[in-house]
Amino acid sequence: MHPNAANDASIPTPRPRRSGAWTPARIGVYGFLIVAALFFLLPLYVMLITSVKPMEEIRLGTLFALPQNFTLEPWVQAWSSACTGLECNGIKGGFWNSVAIVVPSTILSIAIGAVNGYALSFWRPRGAGFLFAILMMGAFIPVQVMIYPLVRVLAAVDLFSSLPGIIIIHTIFGMPVMTLLFRNYYAALPLELFKAARIDGGGFWRIFLQLMLPMSTPVIVVAVIMQVTGIWNDFLLGLVFAGSEHLPMTVQLNNIINTTTGERLYNVNMAATILTSVVPLALYFISGRWFVRGIASGAVKG
Amino acid sequence: MSNVAIRNLQIQLGGNKVIESLNLDVKAGEFVVLLGPSGCGKSTLLHSIAGLIDTSAGQIEIGGKDMTWADPKDRGIALVFQSYALYPTMNVESNMSFGLRINGTPKAEIARRVSRASEMLQLGPLLKRKPANLSGGQRQRVAIGRAIVREADVMLFDEPLSNLDAKLRTELRRELKQLHKQLGATMIYVTHDQVEAMTLAQRMAVMKGGVVQQFDTPDVIYNTPANLFVATFLGSPGMNLFKGEVEQQGGRTIFKNEHLSVDVTDYPFQQPLTGKHACVLGVRPEDIDVGHGDGVGQAVRASVSLIEAMGAHRVVWLDFHGTQVAGIVQDQQPIEPEKEISFSIRTNRISLFDGASEQRL
Amino acid sequence: MSNVAIRNLQIQLGGNKVIESLNLDVKAGEFVVLLGPSGCGKSTLLHSIAGLIDTSAGQIEIGGKDMTWADPKDRGIALVFQSYALYPTMNVESNMSFGLRINGTPKAEIARRVSRASEMLQLGPLLKRKPANLSGGQRQRVAIGRAIVREADVMLFDEPLSNLDAKLRTELRRELKQLHKQLGATMIYVTHDQVEAMTLAQRMAVMKGGVVQQFDTPDVIYNTPANLFVATFLGSPGMNLFKGEVEQQGGRTIFKNEHLSVDVTDYPFQQPLTGKHACVLGVRPEDIDVGHGDGVGQAVRASVSLIEAMGAHRVVWLDFHGTQVAGIVQDQQPIEPEKEISFSIRTNRISLFDGASEQRL
Amino acid sequence: QAPLKATVIHWWTSGGESAAVKQFAEAYNKAGGQWVDQAVAGADQSRATTINRIVGGNAPTAAQFNTSKQFRDFVEQGLLNNVDDVAIAGKWDQIMPPSILQAIKINGHFYAAPVNIHMPAWFFYSKAAYKKAGITNEPQTWEEFLAQLAKLKAAGVVPLAFGGQVWQEKITFDAIFAMVGGSDLYLKVYRDRDQKAVMSPQFKQVLVEFKKLKAFVDAGSPGRNWNDATALVVQGKAGVQIMGDWAKGEFAAAKQVAGKDFGCYPGFGPKAPYIVAGDAFVFPKTNDANAIKAQKLLANVVTSPAAQVAFAARKGAIPIRGDVDESQLDICARQGLAIMKDKTRQLPNTEMLATPDTTGALQDVLTSYWNKNQSADDAQKAFARAIKGE
Amino acid sequence: MVKKRQNVSFAAYVAILPMALTVLLAYLGTMLWTARVSVSSSRTFPASDFVGASQYIRLFNNERWLLSLQNVAVYGVLFIAACLIIGFLLAVFIDQKVMAEGALRTVFLYPYAMSFVATGLIWQWILNPELGIQEVLHKLGWTEAQFDWIVDQDMAIYTIVIATVWQASGLVMALMLSGLRGVDEEIWKAARIDGIPRWRVYLSIVLPMLGASVSTAFVLLFVMVVKVFDAVVAMTQGGPGTASEVPAKFIMDYLFGRANIGLASAASIVLLLTVLAIVAPLYFVRNRRAALGA
Ligand SMILES: Nc1ncnc2c1ncn2[C@@H]1O[C@H](COP(=O)(O)OP(=O)(O)OP(=O)(O)O)[C@@H](O)[C@H]1O
Ligand SMILES: Nc1ncnc2c1ncn2[C@@H]1O[C@H](COP(=O)(O)OP(=O)(O)OP(=O)(O)O)[C@@H](O)[C@H]1O
Ligand SMILES: [Mg+2]
Ligand SMILES: [Mg+2]
C-alpha cells in the first residue's frame, strides 16, 4: 500500500491493478456470483446428498440433512448394476452408443448450421431467407409431433433404426437453432472482412473454412455446448430412431428414473442422473478457454 | 492491363443517393488519383468498381468487358480498404498470402511476392504477428501488402498511406510508382495528401458530392481549375479568392473591386467577355508576392495576422480588409505579426470564375 | 490546466518492450506534438497517459498528482483514438454526448458543446446517423468530436486528421489551435503530417523505438536536429546526407569527401573538434541551390534523375555520384530530366553529425 | 434350429418389475425361445415406441399395453396378429375374468395375451399410525372410513396419504365411486355412458363424498409422486393410502411386511367391488413364419400358470387365472385372488370401458373438481359432457 | 421492385441444399402433414377422412387448452425476461476477470446438462411446503414463513418459471459471454476515457452491441417456452389440478396417452399460428429497420 493513501484521499491510490485488491466493487462482484452460485447449486446439493443416502433415510424426508449412513452403493448401482428391464447393467451399457451418436451428430449439425448461417448472412442465395423462415417456424413444432412422419420418411429411405438414421434426425432437429445461432453471429461480424476475402478471390468454401470458421470459436463453443447437451440427453429420438443396437445411455437412465408404477430408488436415480451428465459437464468446464476475447479485434478501423 | 470505364453510375446507400451520375474513363495502365472532400463518395466508387456494392444504375466496364454484375473475384482487381479489413485470425504473412493461396499461386512465387512486399513495407519482423498486436500504421501497411502481392490488373487504393509517417510515405510513394511502372497495372488511388496526388497522378479526378468536377493532369487542375470548388479544394493553403467584377477599360480587361484592381488582359478567357461581369479572382498563395511589392504598381497593403513556419518556407496570413489572404514567403525577410506589409499579385497564373455559376471563365 | 510528466516509463505489450524508459515533461497548457515513425510507440504512450495500458515501470504525473495507477476517468483527459473506437450502436450525436450525459452535465450545456463541435467538424447533417453509415473521414471527425466536447484538462489526439482532406484539415487545425487557446488545455497530439506538426506544436517530441530523441520547439528541431535520425525523419523530402570528414585546414574548418568540399567554419560546433573527424553533413533540400550555382565557387555538377511538380514548387532529384540529392526549386527555370545541372549548398543552415554516434556535433 | 427370437417392448423397468419380467424371459427361453428385452420406461413412451417401430417397419414381436381399449386402433388398422390358436387351446374363455376377456377379444379374435391383473384401488394403511389413532379395525363402510380419517387427523398424522397427480386423483375417485355409488352406477356411467345416470343425484353424491377427502390430505400433496405418498404410510406419518397393488413394492423395499407392518383392504366390507386392470402383450402383424411362431409361443408361455404366479409374485399383481399356486403370493394378493373368484365383485377399470381419449377427458374434469373451488353440480355437468365425448 | 443482384456463387446454392431438403421434407412436409391430420378424425393412427374444423372446435371448447395457452403466455413472458436478465447479469459478472471463472461458468451451466426428470423432482421436493424450504424455515423457528407456491393453484406456474430459469439461464449466459468477448477492446477503452461506469457501459454500449446474441437467445428461449413440457411433468404434472398446464403437455397427452393425434395436430397447428402471429411482426419490424439502416 502507498503510504499516503490513507491521509490523502484526493490522490488515487497507486496500486498495481492486477493484484486484485478488494475494492467494494470487487466484493460486490464476488458477492453476487457467490449468491448466484449458491442458488444454482442448491438442487445439486440435494441431489448429491440424496444420492449417498440409503432409501430409508430418504423416506424420512429430511431433504437438506446430510446423510447419516453415507453410502456409495447407489452410485455403483447406477453405473453398473441397476436393472432396467431384463438388463441389470446400470447406465454404463449405453455409454459408447451415446458417444457414437453424439460425436457425429454434433459435428454434422454444427457444420450444417454454420454453413447455413454463413450462406444466409453473407451470400443470401435466392430463396434462402424463405427457407430459413420455415425452418424457424419448424423449431416451434413439438418434436413428438414430427416423429411419426419422420419415421415414415426414414423408413422409406431405409435408414430407420440405424446409426446414420439417428444422426440425420439429430441434424434435422438441430438445424433451426444451429442455423439461427450462426446466422446471427456472422451478421455481427464486420462485413468488410467478407468483402476483403471476396476481393482476394475467395469462393464460398474458402472464405468459410479459412476466414469465418477460425473467427467462429466462441459461437462454436456455444453450439457444441447446446448440441452435445441436447443430443447426449435425448432419449426419445434415440429410442425411436437409433434401433436397439444403438440405444444411448439415456434410455437406460430414463428406464431407471422414470418408472410409473414400479418402486423408485431415488438415490440411484440421482446418482445415475449426475453420472449421465458428466460428459456435458466436463465439456462445460473445459470450454472456457475458447471463450476468447476480441476475436475480431484489429480487423477494421472505425 | 485493363481500362476502367464508368458510365452514368448511380449508387444508393441506406436511402441516400451517394453517387448520382458518375462518368470516369481510366485508360489501361494509367495512374489516376481520386481527390475530394470527406464523404464525397470516393470509397463508395472504389467499392463499386470492385463489385462490393450493388449499383442502382449505370455500367462499369473493366478491361473492355461489362463487369457491372460480375463477381469481385472475376474482375481482376485488388483493393486496399480504407478500414484495412485485415483477417483478424491470420498473421501478417497469411493475411498477405491468402489471396495468392486461393489462386493456387505456386508456393515459391507466393514467398517471393510476400517477401518483396514485406520488405518494401518494412513489415519483415512482424510477419508472424496478428493484426490485433500491430500499431495503426503497421496494420495499414499490411493492408497495402495484401493488395499489392496480388499484382492485379486494376489496383484500387483507398487512402493507403494516411497513417504512415512522412518518411515512410515518401518511400512508399516511390515504391508504388515503381510498382505501377513494373506491373503496368491500372491504378486508382484515393488520397487526401496533395503531395501524394501531385506526385503520383498521371491524371487526377476531383470529386464533390458524388460528381466528378474535373478530370485532368495534376498540372492542369492545379493551374487552371475548372471551377471554384476545385480551385479552393486544391493547394494548401487554398487559393485566395477576391470577389469583384471584370470590365473592359480602354482595351484592357481589368478585375476590380473596392480595394483591388488587377489587369487581367492576358488571361486566356474561354469565351470573350463583354461589359461588366461579376466574377471571382483566384490567386494561389505562391503568387502572392509578400513584402517585395512596395515599389510595384499594383501593390496593396495589408496587416499580418499569422505567420506559420513550415520549415522550408513560411505561410503568411494577411488581413486584407477583412479577407484572409495567404501568401508564401520563401526568403528570410523579417516579417512580424500585427505589422502592416504590402503585397502584390503575380498575374501569370491567376484564375477567374463566373460569380454565379462558379465555373472558370 | 494540468501538466503531464512522465518518468522512466516502461511498457510491455505481448512480451515486447514497446517503451523502454521514456521521460517527457509537458507543461500545463502546452501544445506538444509527438512525431515518430510508424510503430514507435506513440499510441502506446498516449494510451498509457490515459491509463488504458498498465505500465510495467515508471510514473505518470498529471496536474501535479501521481496518476500512474489512477482510473482513466479520474485523470481529466480526453482521447481521440487512432482507430476511432466509436460506439457502433449510437448515432453521431449520442456518441459525442454520451460521456457528458453520464457526467451529469446539464442538458443545455451538452447541447451547446455538441452543436459547437458538430459545426466545427461539419457533422451537422449527420448527427442522427450511426457510425456504420459514415465515410471514413466522417467517422474520424466523430471521434474528434467525442473528445473535444469533454473539454478535458489534458487532451490527447492520436492522428486525428489523417483521413481528412487538406482543406478540412487546414480548417480543423486552426480550430484546434483556437480550442487550445480558449480552453487552455494541455494537448498532446500525434501526427504524421509535418505541416500539422510545425503549425500546431509549441514543442515537438520526436520518438523512435519507444525513446524520445529530441524534445524542443519545431524550429529548433527542424533547424538543429539532435541526431541523424531526427534530421532525416523531418522534412519532405528529408535532409540530404553526405558522408565525409571534417578537418582543420589553415584556420578554417572544412567538410570534405571525394566529391565535395564545404567550408563549415561558421558552424556552431557544440564542442570544438580537433584533427580529422568522420562525420555526416546534412543539408535540407531547400538549401540545395539548384541551377544557379554555375558561377559560385563551391558548385558541383550532378544529373537530374526526377522532377516532382508540387504545384507551388518543384522537387528535383539529382544523382550526385550515386547519392540521390533532393533540391527544391521555387522559380520557373527550365530543368529537364537526364540532363546535367550544377548545384551548390547554402551553408547557413547545415547540420553536422558524428559519424559513429550519429549525434549532432 | 435357432431359438425363436422375440423382441418384447415393455415398461417394466424398476427393480421389482425387472425381477418379474425376468420370470417371463426365463420361462420363454426355457420353452425354446430367445427373449430380447426392450424396456422403455413410461407407459406412454413405451407405447409410442411400439407405434413408431411398427410404422417404421421394425416391429417388435410383442409389446406391452394395458388391458384396455388402448390397442383397439391397432386392431382396426390390421396391425396386430391374433393369438386365437393359443387362446383356444388354453381355454382363455374359461379361466380368465370376463372384464379381461372383454378387453382382449375383439370381433371374436384374441388380440392380446393378458399377463397380470392389477387392482388399482387398494387401501394401504400403516398399523403404527392406526395404533396411534386408536383404530383397531379396517372400516366396513364409507362413513366409518371417514370417521377413521378424522381420528387419524386428531392424532396428528396425515389421514390420507395422497399424491395430487391427475391419475392418482382418478384412481381415488374411481375407488370412491365404486364404493359409494355401487357397481351398477359405475357401469352405467363408464360402460353405458348413460347421461341419466351421470346426472342422477346418486352420482352427484359420489362427487360430494369424493371431495370430502380433501379435508384429510396434507398441504404437500399436490404433485406428489405416489411412492412419496406411500413413504408417508411406511413412515407412519400418514394413515392410509388408496393406491394400486404395485405400492406393495415400496413397502417391501422398506422391509415392511403386509399384515404386520401395514395392512391392506380392497374396499369396505365383504362385498366391496374389486376394480380390475392389468397388462397384456399384443403381437404386431408380421408374415414371418418364425416370428408368428415366436408370438404364439410367447402368448402361451406368459399365460401359463407357473410363469403367471412367478411374475405376479414379484410384480405385486395377481395372476390372470385362478389355477395357480398361491403360496408364493403375499396376503394382499391372495386376498385379491380370492375375490377374483366372485365375478360379481369385479369391476373393469375405466380404461377397459372407454377410449383413452374419453378417460383423459374425465381425468381433466375430476382434477378440476378436486383442486378448484368447483361445485359438485358443475363438475357433474362437466363430467356428463366429457363422457359424451365432446 | 425487383432489384438486380450480383450473381451468387453456385456453391452457395449447393451449400444450402441440405437445408432446403430438410426444410422441404422434414419441416414443410411435417407441417402440411400435421395440418392434414388436424382436419381428420385420426386417433392412434392418421386417418384419411375429412372432418372439417371439428377438431379445432373441440380444441377451443376445451378449457384445459385455453388455460394452457393462458399459462404459457404468463410463463413465457416471465421466463424469457428472467432468463435474459439473469443470463446477461451472470455473463457480465463472470466477465470481470474473476477467480475460478471456469468453475463458476460450469456451476451456472450445469443445470442445463441435467435431465429434468430428476432435477424436476428435486425442485418439487425443495418447493414442497412439507419437505423443502418452507419446512426448513419453520424448523429454524420462522414459523410464519410461507413458501408453498407449488401447491397453490395461482402460484404453481411461477415455480415452473423458477426451475426452468434455473435450468436455462446458464445457456443464455454462455451465449451472452460469447458475444461479450467479441466486443472490441477499443470500445471499452473509449468508454473508460469517457468516464462511463462499468455497469453503464454494459447497459448502454455493450448490450446494444449484443443485439445478435440477444436475439438468438430470445428465439431460443421462445422455442423453449412453446415446448416447455419436461419441467411441468416432473414438477407439477400440470397441477395442482390444471393450474400449470401448458400446450406442449396438452399435445403430448393427446398424442400418446389419449391417442388422439387429430386433436394433437390441431393443437400444434394452433400453437404454430400463434407463434407466427407473435413473431412475424417482430421479424417484419427488424427487417424493415435493417433495410433502412444498411
Ligand atoms: N497488443 C500488442 N502486442 C504486441 N505488440 C504490440 C501490441 N500493440 C502494439 N504493439 C507493438 O508496439 C509498437 C508500438 O505500437 P504503437 O501502436 O504505439 O505504435 P505507433 O507509434 O502508434 O504507430 P503508428 O504510427 O503506426 O500508429 C509497435 O511496434 C507494435 O507492433
Ligand atoms: N452505409 C451507408 N449508409 C448511408 N450512407 C452512407 C453509407 N456509407 C456511406 N454513406 C455516405 O455516403 C457518402 C460517401 O461515403 P464514402 O465512404 O464513399 O466517402 P469518402 O469519399 O470515401 O469519404 P472519406 O474521405 O471520408 O473516406 C458519405 O456522405 C457517407 O455518409
Ligand atoms: Mg473513404
Ligand atoms: Mg498509433
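**Disulfides, interfaces and a threonine site**

Student: To which residue does a disulfide join D:C264?

Tutor: This is a predicted model, in which local features need pLDDT of at least 70 and side-chain atom pairs count only at pLDDT 80 or more, while totals for chains, interfaces and linings use all residues. Residues are numbered from 1 along each chain as its sequence is written, chains are lettered from A and ligands numbered from 1 in the order in which they are written, and side-chain values use heavy atoms, with hydrogens and water left out. A disulfide is a pair of cysteine sulfur atoms within 2.5 Å. With S to S at 1.9 Å, the partner of D:C264 is D:C332.

Student: Does D:C332 count as buried or exposed?

Tutor: Buried means under 20% relative accessible area, exposed over 50%, and partly exposed in between (1.4 Å probe, protein chains only). D:C264, at 5% relative accessibility, is buried. D:C332 has a relative accessibility of 0%, so this cysteine counts as buried.

Student: Why is the disulfide of A:C83 and A:C88 given its handedness, and which is it?

Tutor: A:C83 is partly exposed at 23% relative accessibility, and A:C88 is partly exposed at 26%. The torsion about their S-S bond is about 100 degrees, so the disulfide is right-handed.

Student: How much area is buried between chain A and chain B?

Tutor: Contact (heavy atoms within 4.5 Å) takes in 22 residues of chain A and 31 residues of chain B. Buried area is the accessible area (1.4 Å probe) that two parts lose on being put together, summed over both. Carbon and sulfur atoms give 59% of it here, and the total is about 2,300 Å².

Student: With which residue of chain A does B:R150 form a salt bridge?

Tutor: A salt bridge is a side-chain nitrogen of Lys or Arg within 4 Å of a carboxyl oxygen of Asp or Glu. There are 2 such bridges between chain A and chain B. For B:R150, the closest N and O atoms are 3.6 Å apart, and the partner is A:D200.

Student: Which element gives the most to the side of chain A that touches chain B?

Tutor: Two elements, α8 (191–199) and α9 (204–215) of chain A, each give two or more residues to this side. With 7 residues, the element that gives the most is α8(A).

Student: How much area is buried between chain A and chain E?

Tutor: The contact takes 90 residues from chain A and 89 residues from chain E. Carbon and sulfur atoms give 78% of the buried area, which is about 8,400 Å².

Student: Which residue of chain E forms a salt bridge with A:R293?

Tutor: Across the interface of chain A and chain E there is 1 salt bridge. The closest N and O atoms are 3.2 Å apart, and the residue paired with A:R293 is E:D95.

Student: Which helix supplies the largest share of the side of chain A that touches chain E?

Tutor: This share amounts to 17 residues, and the helix spans residues 24–51 of chain A. The helix is α1.

Student: The backbone oxygen of which residue lies 2.5 Å from a polar atom of the side chain of E:T159?

Tutor: E:T159 is placed in helix α8 (residues 156–180) of chain E and is buried at 0% relative accessibility. Not counting residues up to four places away in sequence, E:T159 touches E:L127, E:W149, E:I150, E:M235 and E:T236. The backbone oxygen at 2.5 Å is that of E:A156.

Note on methods. Helices (H or I, at least four residues) and strands (E, at least two) are DSSP runs, numbered from the N terminus. A polar contact is a pair of N or O atoms within 3.5 Å; within protein, one must be able to donate a hydrogen and the other to accept it, and residues adjacent in sequence count only if both atoms are side-chain atoms.
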